[in-house]
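Good morning, colleagues. I would like to present one structure and its ligand site, and then its sheet.

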Amino acid sequence: MEFKKFKSELEASKYVAKIVIDKIKANSGIKLGLATGSTPVCLYAELAHDYKTNHTNWSQVKTFNLDEYDGVDYASDISYHKFMKDELFNHVNIDTNNTFFPEKECNFDKFIKEEGGIDLQILGIGVNGHIGFNEPGSTENSQTRIVDLTPITVEVNGNKYFDGELDKVPKKAISMGLETIMQSKQIILLAFGKCKEDAIKKLSDAKTFDINFPASILIKHPNVTIIYDEEINI
Ligand code: F6R
């Protein structure tokens, strides 16, 4: 696991955007695993900016999102489907038929395998070490499934996106499992801001998989880069 520190979220996001763009140029049909939340917003803005100025061709790219809230209307403001359209898909020439999310009654893991697997997975990290919505207690061989969000995740999401109105925050989500994330050929995890410092410290200290800190599974992956900003001191 390689750790790379950047002066700012913007610099870090520009660095990762270049990796994504170069990979699309080298492999027009690349399979990207994507995260939502505040962390990748700047990265997606950089990718949108690149499309506007350089017209990198996304027409053959396929994307697989990590998660979606359970039971939400995909068109609603809180859905991750809508987030991805607003932040990225509406700003590049991706074919929306090539954008996939985990869904009930769909074997997402098998589908990803049949598609040849994820070439590059972008991850964020929760303050409790979740990746995707694999909360503490998620097993190494976990697959796509409905998960209960922990009280801390509900609180963080509630404060960020629901003006602290926790009763409005979905309590369940459907998430790609740890096993499928680990099958990605390359993983880049982004973490910005002081609030992620403890999680990134814990990750850098990890020696083995700790079921109570799901991101620790990444130490077993051969190609993981952790990209973080100067607010995080490890
Ligand atoms: C969402 C996801 C989550 C987030 C994590 C951090 O698709 O995969 O693991 O990355 O909850 O969220 P933010 O970026 O809002 O701090």
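I shall begin with the model itself and then turn to the ligand.

This is a predicted model, in which local features need pLDDT of at least 70, side-chain atom pairs count only at pLDDT 80 or more, and totals for chains, interfaces and linings use all residues. Residues are numbered from 1 along each chain as its sequence is written, and side-chain values use heavy atoms, with hydrogens and water left out.

Which residues are closest to the ligand? They are Thr39, Asp67, His130, Lys160 and Lys196, among the 15 residues that surround the ligand; to be counted as near, a residue needs a heavy atom within 4 Å. By class, this shell holds four nonpolar, eight polar and three charged residues. Here Ala, Val, Leu, Ile, Met, Phe, Trp, Tyr, Cys and Pro count as nonpolar, Asp, Glu, Lys and Arg as charged, and the others, Gly among them, as polar.

Next, the polar contacts, that is, pairs of N or O atoms within 3.5 Å. A polar side-chain atom of Asp67 is 2.6 Å from a ligand oxygen. For His130, a side-chain N or O atom also lies 2.6 Å from an oxygen atom of the ligand.

Strand 6, residues 120-123, pairs with strand 9, residues 186-191, over four bridges. There, Leu120 has Gln186 as its bridge partner.

Notes. A polar contact is a pair of N or O atoms within 3.5 Å; within protein, one must be able to donate a hydrogen and the other to accept it, and residues adjacent in sequence count only if both atoms are side-chain atoms. Two strands pair if DSSP finds at least two bridges between them. Helices (H or I, at least four residues) and strands (E, at least two) are DSSP runs, numbered from the N terminus.
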